[in-house]
Amino acid sequence: MRTPDRTAHQVFEPFARQGTVLLTTFRRDGTPIGTPVNIAVEGDHAYIRTWDTAWKFKRLRNNPLVEVAPSTLGGKPTGPAIQARSRVLDGEASAHAGRLLARKHPLLHGILVPLTHRLRGHRTVHVELTPIGHA
């Protein structure tokens, strides 16, 4: 008997409890670069935050395909990776992603990260992740 495909919501379900994930973005030549980031999940979407001059953001803009794996704070994968498509958010969608991250990580994303971005003169960018290849 064939096992039904997992829905997008089920794919991100383990990440709902995960504080840190390894986000793998790809250079123009295809070289993978892994970066540990915090994640917030809502239904069939996941959200991360970065700043506008970060290398991972530049790689995301060049190639929206990424891989996401549960990881330790240091970025050591603790489970299998899934493929996802990234989309840079703006307006209310970006604000909503920021609130989700702040709710899940109150001290870090509610206070420290936004303050650090502001003090360094960075523009905060929120990115939505949607799983690829899942019904």
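Analyst: In this model, which is a predicted one, the residues of helix 2 that count as buried are K56, F57, R59 and L60. Viewed down the axis of helix 2, these buried residues fall within an arc of 160°, so they line one face of the helix.

User: What covers the buried residues of helix 2?

Analyst: The cover includes strand 1, strand 2 (32-38), strand 4, strand 5 (65-70), strand 6 (82-88) and strand 7 (124-131).

User: Where is T25 placed, and is T25 buried or exposed?

Analyst: T25 belongs to strand 1, which spans residues 20-26, and because its relative accessible area is 0%, under the 20% limit, T25 counts as buried. Its side chain makes a polar contact with the side chain of R59, at 2.6 Å, and R59 is itself one of the buried residues of helix 2. Once neighbours within four places in sequence are left aside, the residues in contact with T25 include K56, R59 and L60, together with T31, P32, I33 and V66.

User: How should I read A54, and in which loop does A54 lie?

Analyst: A54 lies in the loop that runs between strand 4 (45-51) and helix 2 (55-62), and with a relative accessibility of 5% it counts as buried. Its C-alpha atom is separated by 12 Å from that of G121, although the two residues are 67 residues apart along the chain.

User: What describes a pair of aromatic rings?

Analyst: A pair of aromatic rings is described by the distance of the centres and the angle of the planes. Here the count comes to one aromatic pair. The rings of F12 and F15 have their centres 5.9 Å apart and their planes at 70°, which is over 60 degrees, so this pair is edge-to-face. Both F12 and F15 are buried.

User: Which residues lie over the rings of W51 and W55?

Analyst: Over the face of W51 lies K56, at 5.3 Å from the ring centre, while the charged end of K58 sits over the ring of W55, 4.7 Å from its centre.

Terms used: Residues numbered from 1 in each chain as written. Predicted model: local features only at pLDDT ≥ 70, side-chain atom pairs only at ≥ 80, totals over all residues. Heavy atoms only, no water. Phe/Tyr/Trp six-rings, centres within 6.5 Å; stacked < 30°, edge-to-face > 60°. Buried < 20%, exposed > 50% of the residue type's maximum accessible area, 1.4 Å probe, protein only. Lys NZ or Arg CZ within 6 Å of the ring centre and 35° of its normal. Helix = DSSP H or I, 4+ residues; strand = E, 2+ residues; numbered from the N terminus. Polar contact = N/O pair within 3.5 Å; in protein donor to acceptor, adjacent residues only side chain to side chain. Contact = heavy atoms within 4.5 Å. Arc of directions from axis to C-beta.
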